[in-house]
Amino acid sequence: MAQPVQPKKAYHHGDLPIALLRSARAILEEQGITALGLRAITRHTGVSQTAAIPHFGNLTGLLSALATIGYEELAATLTPLLNKEPHVVGVAYVQFAMQHPGLFTLMFRSDVIDRKDPHLAAAAAKTSAMLTQCVGNLKGKHSAHTRAGARAALWAKVHGLAVLAIDGLLEALLTREGEGMTLDALIEDALRL
């Protein structure tokens, strides 16, 4: 007796946009930005390459949504620290970068994301406002011009430390000149200067 033919199961993924973002993030953290392609992300998710298009339009749309998540997570990390000394916020910023190096790098790569995307722009503006608040918390009176300069200088310092940490260059510095310091101690010391 012939076995009855089983109908093919309809593919059901659940929340496909979230699954695509999770796959993109996994590839990003494991293999880096250069490995991110729509084909790689959809293959990792187990769907056809065209399945992402209705949700994100293209790879730039998907990566912009992922960068938005990164800014939202960074804001969530910094929010409880905003009433503390600015160096504490800076340390958290650098630690976020070290814990999520691929995501952090993506957030600042204008060549692969769309900075005009309204969700991304809003999330980036929120973290930017937090940095501005930290400058406002500095002791002393500053004119608007001086605050802008102070904000640029402080952001350059903390962001530069984050990039150096991601690239492993701070650990190399510790090896040469660290005098028994931990990486966290070096970062905190650098942000207190």
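1. Accessible areas here come from the Shrake-Rupley method with a 1.4 Å probe, and for residues only the protein chains shown count as cover. On that basis the chain exposes about 11,400 Å², with 58% of this surface belonging to carbon and sulfur atoms.

2. A word on ground rules: this is a predicted model, so local features need pLDDT of at least 70 and side-chain atom pairs count only at pLDDT 80 or more, while totals for chains, interfaces and linings use all residues. Residues are numbered from 1 along each chain as its sequence is written, and side-chain values use heavy atoms, with hydrogens and water left out.

3. The fold has 10 helices and zero strands (DSSP runs numbered from the N terminus: H or I of at least four residues for helices, E of at least two for strands). Of the 193 residues, 38% count as buried (under 20% relative accessible area; exposed is over 50%, partly exposed in between, 1.4 Å probe, protein chains only).

4. Leu20, Leu62 and Leu106 touch the most other members among its 53 residues. Helix α4 (residues 59-78) is the top contributor, giving eight residues.

5. Beyond four places in sequence, Leu20 has contacts (heavy atoms within 4.5 Å) that include Ile41, Val47, Phe56 and Leu62.

6. Have a look at Asp114, in the loop between α6 (101-107) and α7 (118-136). Asp114 is partly exposed, at 35% relative accessible area, and touches Thr60, Ser64 and Leu120, leaving out residues up to four places away.

Methods: A nonpolar core is a set of buried Ala, Val, Leu, Ile, Met, Phe, Trp, Tyr and Cys residues joined through side-chain atoms within 4.5 Å.
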